[in-house]
Amino acid sequence: MSATTLTDPRGADRIRHLPFWLGAVGVALAVFLALRLIGNEYGYYAGYFVLQYVVLASAWNILGGYAGYVNFGAAGFLAAGAYTAIFVRKAFGFDLIPGILCAAVVTGLLGLGTGYLTLRLRGVYFSIATLCLAVVLQTLVVNWDYVGGSRGAYVIRPMTIPPFASYGEYIFLVMLALAVITVGIARTVEVSRLGRGLQAIRDNERAAEAVGVPTLRLKLMATALCGALMGVAGAPLPYYSGYLNPDAAFSLAFAVNAIAMPLIGGAGTWAGPVIGAVLLASLQQAATVTISSALNLWIVGWILVIFVTIAPRGILGWFGKR
Amino acid sequence: MALITRRRLGQAALASAIAGAGQTPGLFPAFAQSANPLRIGYGMALSGGLAGNGRATNLAYQIWAEEVNARGGLLGRPVQLVVYDDQTNGGTVPGIYTKLLDVDKVDIVTSPYATAMIAPAMPVVMQRQVTFLTIFGAGVNESFKYDRHFNMNVVGDNMKETYAKGFFEVIDMLPSPARSIAITAVDNEFAQKAAESARHFANQRKLRIVYDRSYPPTTVDFTPTVRAIQSARPDVVFIASYPPDTNGILRAVSELRFQPQIFGGAMVGPQLAAMQAQLGPILNNLVNWDTYSPEPTMQFPGVAAFQAKYRERAPAAQTDLLGNYIPPYAYAQMQVLEAALTRIGKVDQAALAADLRANTFETIVGKVKFGPTGEWAESRNLYCQFQNITDGDLERYKKPGAKVILAPAALKSGSLRAPYGPPA
């Protein structure tokens with residue numbers, strides 16, 4: 001445990017929160033205004049693509065970065081969020097925002113349950129268990145006809161939502177807000193007792209337990225929070241694409257990127273996943289419409305190999321070292 | 001290289017315009033052409049699970065574009081294809097289509113291949129009221145009900161009541177009537193709809209369904225499935241599968257020496273050259289859904305010339321070597337577009353949709369007429385039987401006799417051989 005965890009500067013934390021939130025909202029507004037000035041719908045769709053990874057990577061970082069528990073089931077949680085949104089739309093007529101809230105609750109509970117069942121496992125055994133969870137969820141969805149099953153589900157969205165210029169602008173703004181909230185939550189966790197406890201678990205779980213850190217409780221909180229935020233990242237997906245099938249929802253790209261982005265940006269810090277997600281997702285989006293091939297994941301793979309070799313603590317760690 | 005299509009076609013368009021300068025009355029019209037190409041944009045599965053058919057479709061489009069440019073272009077403008085690889089990932093599609101329409105500002109958009117990639121593009125094109133020509137989608141417009149959607153697919157708009165009709169017509173050709181049927185399908189959109197159609201006709205004809213199960217797409221060992229079907233002793237077996245499982249099923253059937261009177265159905269894979277070469281005699285007497293066969297009854301004007309050109313370029317494009325499945329339809333899709341644009345004389349999305357809805361089009365796959373939902377007004381599901389297959393030689397598939405058409409009656413080119421199984 002680092003020296004900073006021995007103190008509890010709550011007052012200082014409170015002071016630091018306000019500038020962060022103001023700054024985050026300011027950056028979000030600037031991004032939105034810039035895209036509105038450009039006036040191009042493509043900017044919103046590309047922006048959505050990047051922001052969904054900001055949410056996903058930040059969510060992964062809470063358990064994987066702070067606590068050191070590597071979750072390979074990111075695609076499973078994201079898909080669970082997406083299919084929750086589809087389910088509540090079909091069953092109760094809920095639209096996007098209530099769908100996101102329901103997805104957060106369902107995937108949060110899923111995370112809690114998963115945590116309860118698997119957190120006694122450590123290292124690679126925990127990772128394998130999360131990977132299995134994704135497989136179990138995919139099998140469940142494939143056989144659940146009510147949400148489209150293997151055929152996939154259509155979400156017929158409106159063309160416009162007043163006062164927004166287009167549906168693309170609306171869904172981009174929703175994801176922008178989710179990204180700001182998620183990054184804010186991740187930062188709050190990092191500087192709170194929860195975050196410090198998770199960092200202690202990452203450094204040495206037995207030692208942390210010996211000095212009184214309630215490891216299981218903290219890990220359960222982390223898995224629930226991580227699951228809920230991953231579900232939030234996935235809930236708008238069927239509205240974004242208008243159609244979702246299990247192959248797309250449980251795509252390998254989500255699982256790989258959720259891990260690669262925090263590692264490249266710098267896992268264990270709130271800013272690392274943001275930097276990694278913006279960098280990698282922008283690169284992938286650019287690659288899709290320039291060299292235009294499945295080299296996307298190839299690029300991610302190579303960048304990951306390079307960073308693991310040269311800068312194992314990611315971009316932030318690289319600069320911090322200097 | 002096929003992946004850098006924009007650049008290559010840009011160069012091709014420029015070359016075409018320069019070449020056209022010598023053929024046109026003056027230099028300036030050609031110069032004007034190259035400055036204002038007619039841009040047709042689409043996303044396509046050039047990598048990922050559907051790349052085999054995606055690349056074949058792309059090659060057919062390229063051949064069409066080159067031919068049109070050699071003729072002086074379309075609406076007096078050289079055709080330029082703007083293509084992005086969707087990586088067989090529906091998540092990339094909305095971004096690609098907004099880029100095509102808002103940044104690249106293409107004149108026309110056509111769809112990716114196939115249903116799972118077409119559907120995510122629909123909201124984007126609908127929002128902009130763009131006419132959308134799609135290829136080999138399965139019932140996408142049932143949900144969207146978009147009046148400017150036109151799908152090039154033989155399946156038609158009422159899959160349940162039309163898709164398996166031909167298969168059951170083939171069953172009627174058996175010397176002694178079949179009494180039982182086994183149905184199995186992979187868990188995906190197309191296969192489940194195909195199986196639903198088979199159930200519909202089996203019930204209609206009072207065939208006893210002795211086995212009816214689905215299997216997940218991740219299944220790799222089909223021996224237990226085939227043994228279960230075999231133990232039910234069906235006279236006829238209807239399988240709806242995708243290429244990896246088709247391969248596994250047919251090999252398991254061959255190893256277990258299972259020889260029902262009719263075996264086949266809606267297996268995707270045997271239509272493709274790679275699988276024909278791999279499976280060889282295992283395909284013999286298989287009765288399977290198809291879209292094209294070089295039988296005398298399907299020798300529509302232009303198809304032979306197109307296939308010759310396609311086959312010449314297929315190895316370099318790393319795609320299906322024969323082009324007997326999707327490529328003629330991809331080319332025909334562009335012929336439809338060309339005819340409609342030529343008739344209306346300008347790029348006008350509403351007029352284009354109206355023209356596509358109103359007219360019948362002469363293409364290399366025959367006459368094409370779209371119905372109210374944008375699907376083919378009349379379905380044309382072929383049921384072909386592989387006959388006289390002794391090895392994996394692909395040359396036989398370029399000529400009549402290897403894939404004999406049994407249904408529909410209008411295109412019938414041979415007689416049923418039963419039971420299923422490789423020649424002794």
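Helices (H or I, at least four residues) and strands (E, at least two) are DSSP runs, numbered from the N terminus. I keep to that throughout.

**Ground rules.** I'm working on a predicted model, where local features need pLDDT of at least 70, side-chain atom pairs count only at pLDDT 80 or more, and totals for chains, interfaces and linings use all residues. Residues are numbered from 1 along each chain as its sequence is written, and chains are lettered from A and ligands numbered from 1 in the order in which they are written.

**Entry 1: Gly421(B).** I looked up where Gly421(B) sits, and found it in the segment after strand 14 (403-407) of chain B. Gly421(B) counts as partly exposed because it has 19 C-beta neighbours inside 10 Å. Next I checked its contacts (C-beta atoms, placed from the backbone, within 7 Å). Leaving out residues up to four places away in sequence, Gly421(B) touches Gln259(B), Asn284(B) and Asn285(B). I also took its spacing from Ala228(B): 193 residues in sequence, and 18 Å in space from C-alpha to C-alpha.

**Entry 2: strand 13 of chain B.** I went to residues 382-386 and found five of the five buried, so strand 13 of chain B is largely enclosed by the rest of the structure. In a regular strand the side chains alternate between the two faces of the sheet. Here I list Leu382(B), Cys384(B) and Phe386(B) on one side and Tyr383(B) and Gln385(B) on the other, all buried, which leaves both faces covered.

Which strands pair with it? I count a pair if DSSP finds at least two bridges between the strands. Strand 10 (residues 287-290) of chain B pairs with strand 13 in the antiparallel sense over four bridges, and Tyr383(B) is the bridge partner of Trp289(B). Strand 14 of chain B also runs antiparallel to strand 13, joined to it by four bridges. There, Gln385(B) stands opposite Val404(B).

**Entry 3: helix 9 of chain B.** Just after the helix, Lys206(B) takes a positive phi of about 55 degrees.

Entry 4: Most residues other than glycine have a negative phi, and most peptide bonds are trans. I noted some exceptions. Gln87(B) is not a glycine, yet has a positive phi of about 60 degrees. Gln87(B) lies in the loop between strand 2 and helix 4 of chain B and is buried, with 31 other C-beta atoms within 10 Å. Arg257(B), also not a glycine, has a positive phi of about 50 degrees. Arg257(B) is in the loop between helix 11 (243-255) and strand 9 (262-267) of chain B, and counts as exposed with 9 C-beta neighbours inside 10 Å.

For cis peptide bonds, I noted Ala407(B) to Pro408(B), with omega near 5 degrees. Pro408(B) is in the segment after strand 14 of chain B. In chain A, a cis bond joins Pro162(A) and Pro163(A), with omega about 5 degrees. Pro163(A) lies in the loop between strand 1 (153-154) and helix 6 (167-191) of chain A.

**Entry 5: where the chains touch.** How many residues are in contact across the two chains? I have 32 residues of chain B against 35 residues of chain A. On the chain B side, the elements giving two or more residues include strand 2 (79-85), helix 5 (115-127) and helix 9 (189-204). Helix 4 of chain B gives the most, with eight residues. I sort residues by class: Ala, Val, Leu, Ile, Met, Phe, Trp, Tyr, Cys and Pro are nonpolar, Asp, Glu, Lys and Arg are charged, and the others, Gly among them, are polar. The chain B side then divides into 14 nonpolar, 13 polar and five charged.

**Entry 6: chain A overall.** I find 15 helices and two strands in chain A. Buried residues make up 54% of its 322 residues. The C-alpha atoms of chain A fill a box of roughly 55 × 45 × 40 Å, taken along the principal axes.

Conventions:
A residue is buried if 20 or more other C-beta atoms lie within 10 Å of its own, exposed if 12 or fewer, and partly exposed in between; C-beta atoms are placed from the backbone.
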